Amino acid sequence: MFTSAAIHLIVDANGSAPGGSSFGAQVPSRLLDSRAPGLTIDGLMSGMGRLPAGSTTELQVTGRAGVPDDGAAAVLNVTATAAQGGGYVTVYPCGDRPPNASSLNFEAGDTIANAVFATIGDSGRVCVYVSAATHLIVDIDGFVPSGSTFGPLFPARLLDSRGPGMTVDGAFSGTARLAAATVTRLPIAGRGAIPRGTGEAVLNVTVVGAESRGYVTVYPCSQTPPNASNLNFRAGQTIANAVLAKLDVNGSICVYTSASVDLIVDANGYLP
């Protein structure tokens, strides 16, 4: 069990649920808990022990917690806890090779979570890769049925400011560290299987090696920067957060960074 503490809380609204009425929100259910005794909704994927570094776990999603057999994608909350070193988690559809993308970043000893919009793969499963040994918890908050207007994607990297910073199409790779109090315009539509004319995109935004404490705000470039944040970080931290981002008429987003950071943006889905 985790202990509770007094906190200040900030809640920003970033958009509607993917797929509108075709999105199946549900009471959160635990699908995986590697800790002992690791109670899950149906006893599967419980208490199997800390996941080894460099390992991939196949997680059955459909047929559990009310997810239908033809579910196209799942909205998961993925938590790393008691990590033995710094690393990352990548969630992707089973049957494909691991993508050049991350879903969650963690440091040694961390307990940290992130929302993941995960495309469901072969046999109704998602694959979970961990780069460093860690316990893992996966809860499901909803699903996208087959035929939904929400378009789940194989994760695609759209920006990586680090060198060489490989992206899905070579654009916005190794663009150099973002300076403090700057805005970066990033084209989204027309890249990584996201069609032109898309109105919203499901992104995973990661800050790497922040120079100081700060935040990231993602917004359509046609608007002024809002009084909201999508990701908060401390000096030296590597941390990610899921973002449901509204695109401007040109299919782009603007990304404001309050402090100097390297930045990574991966796409996981879209709304037409």
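N105 is placed in strand β5, which covers residues 104-106, where strands are DSSP runs of E with at least two residues and helices are runs of H or I with at least four, numbered from the N terminus. This is a predicted model, in which local features need pLDDT of at least 70 and side-chain atom pairs count only at pLDDT 80 or more, while totals for chains, interfaces and linings use all residues. Residues are numbered from 1 along each chain as its sequence is written, and side-chain values use heavy atoms, with hydrogens and water left out.

**Surroundings of N105**
- N105 counts as buried because its relative accessibility is 9%, buried meaning under 20% relative accessible area with a 1.4 Å probe and protein chains only.
- Leaving aside residues up to four places away in sequence, N105 touches G87, Y88, I112, T206, T238, I239 and A240, a contact being heavy atoms within 4.5 Å.

**Fold and dimensions**
- The protein chain contains 16 strands and zero helices.
- Its radius of gyration, taken over C-alpha atoms, is 18 Å, close to the 19 Å that the globule rule (2.2 Å times the number of residues to the power 0.38) gives for 272 residues, so the protein chain is as compact as a globular protein of that length.
- The C-alpha trace spans about 50 × 40 × 40 Å along its principal axes.

**Packing and surface**
- Of the 272 residues in the protein chain, 52% are buried.
- Among contacts between residues at least 6 apart in sequence, 76% join residues at least 24 apart.
- Carbon and sulfur atoms hold 53% of the accessible surface of about 11,900 Å², computed by the Shrake-Rupley method with a 1.4 Å probe.

Note on methods:
Buried means under 20% relative accessible area, exposed over 50%, partly exposed in between (1.4 Å probe, protein chains only).
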